[in-house]
Amino acid sequence: MKIIKGSKLFPKNCKGPVLTMGNFDGVHRGHQTIFTEVVRQAKKRGRRPVVYTYEPHPVALLAPHEAPKMLQTREQKMRSMDSLGISACVLEPFTHAFAQMTPDNFFETVILKRIKPSFIIVGYDFTFGHRRGGTTELLETLCRRHGIGYEIIPALFIGDRLLSSTQIRKYVTEGLMEDAARMLGRPYSMTGTIVRGRGIGKALGFETANIVTE
């Protein structure tokens with residue numbers, strides 16, 4: 001999978017890709033549904049399946065004290081996308097200037113002028129532009145106006161719980177790993193650097209790995 005560091009660098013020879021947009025933290029079963037549909041529509045149209053996402057998470061820039069802990073590192077997220085058949089991911093630098101773009105300006109500048117998709121697929125709760133003013137309803141209107149196909153993926157539930165990154169973070173924090181795995185579609189995993197601990201496990205005959213993670 002090709003990683004593109006910013007929409008300004010989106011290759012001009014990538015004609016009319018099938019595009020999805022969002023943060024996609026955790027690449028859980030809801031995200032997997034979206035990516036599977038993106039890949040399906042791309043194959044149907046003979047286009048490339050492309051993901052557009054942001055870095056860092058918007059809340060980490062705008063309200064750092066409220067920023068959620070990410071379920072995956074960037075590398076984990078990219079590997080997950082690649083395994084699902086996504087051919088390119090645009091990592092847009094999320095800056096204060098970028099955060100000020102109105103929904104219409106974002107659509108015209110980033111979507112129409114830089115990426116030029118032929119089809120857009122997003123989740124039911126996707127928002128865009130300043131203060132998340134762009135809704136899926138506005139996206140549908142803009143797509144129709146400019147002749148771009150679109151599809152909105154509805155909310156998914158696991159039992160009576162809405163499938164979301166927020167809910168998975170709650171499960172992980174509470175140690176409910178089987179519940180987290182059901183929403184992720186895989187066991188939860190972490191990566192990091194192994195560091196020396198106090199040696200208590202070794203003294204008891206059960207060595208452990210102390211991991212510093214992001």
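This is a predicted model: local features need pLDDT of at least 70, side-chain atom pairs count only at pLDDT 80 or more; totals for chains, interfaces and linings use all residues.
Two packed helices are described by the angle between their axes and the distance between the axes. For helix α5, spanning residues 103-115, and helix α6, spanning residues 136-145, the axes come within 11 Å and cross at roughly 45 degrees. Angles of 65 to 115 degrees would count as roughly perpendicular and those under 35 degrees as roughly parallel; α5 and α6 are therefore oblique to each other. The crossing of α5 past α6 is right-handed. On the α5 side, the contact is made by Pro103, Asp104 and Phe107, and on the α6 side by Leu138, Leu139, Leu142 and Cys143. By residue class, this contact comprises six nonpolar residues and one charged residue, with no polar residue taking part.

Side chains of opposite charge can pair when their charged atoms come close. Six salt bridges are found in the structure, and three of them are described here, namely Arg40 with Glu37, Glu55 with Arg74 and Lys170 with Glu174.

The pair formed by Arg40 and Glu37 has its closest N and O atoms 2.9 Å apart. Both residues belong to helix α1 (residues 29-45), where a separation of three residues places them about one turn of the helix apart. The two partners fall into separate accessibility classes. Arg40 has a relative accessible area of 45% and is partly exposed, whereas Glu37, with a relative accessible area of 12%, is buried, because a value under 20% defines the buried class.

In the salt bridge between the side chains of Glu55 and Arg74, the N to O distance is 2.5 Å. Glu55 is located in strand β3 (residues 49-55) and Arg74 in helix α3 (residues 74-83), so this pair ties together parts that are 19 residues apart in sequence. Glu55 is partly exposed at 30% relative accessibility, and Arg74 is likewise partly exposed at 33%.

A further salt bridge joins Lys170 to Glu174, with 2.9 Å between the closest N and O atoms. Lys170 is partly exposed, having a relative accessible area of 42%. Glu174, for which the relative accessible area is 45%, is also partly exposed.

How values were computed
Residues are numbered from 1 along each chain as its sequence is written. Side-chain values use heavy atoms; hydrogens and water are left out. Axes are lines fitted to C-alpha atoms, for helices over the stretch in contact, and angles run from 0 to 180 degrees between N-to-C directions. Helices (H or I, at least four residues) and strands (E, at least two) are DSSP runs, numbered from the N terminus. Angles under 35 degrees count as roughly parallel, over 145 as roughly antiparallel, 65 to 115 as roughly perpendicular and the rest as oblique. A crossing is left-handed if the near helix is turned anticlockwise from the far one by less than a right angle, and right-handed if clockwise. Contact means heavy atoms within 4.5 Å. Ala, Val, Leu, Ile, Met, Phe, Trp, Tyr, Cys and Pro count as nonpolar, Asp, Glu, Lys and Arg as charged, and the others, Gly among them, as polar. A salt bridge is a side-chain nitrogen of Lys or Arg within 4 Å of a carboxyl oxygen of Asp or Glu. Buried means under 20% relative accessible area, exposed over 50%, partly exposed in between (1.4 Å probe, protein chains only).
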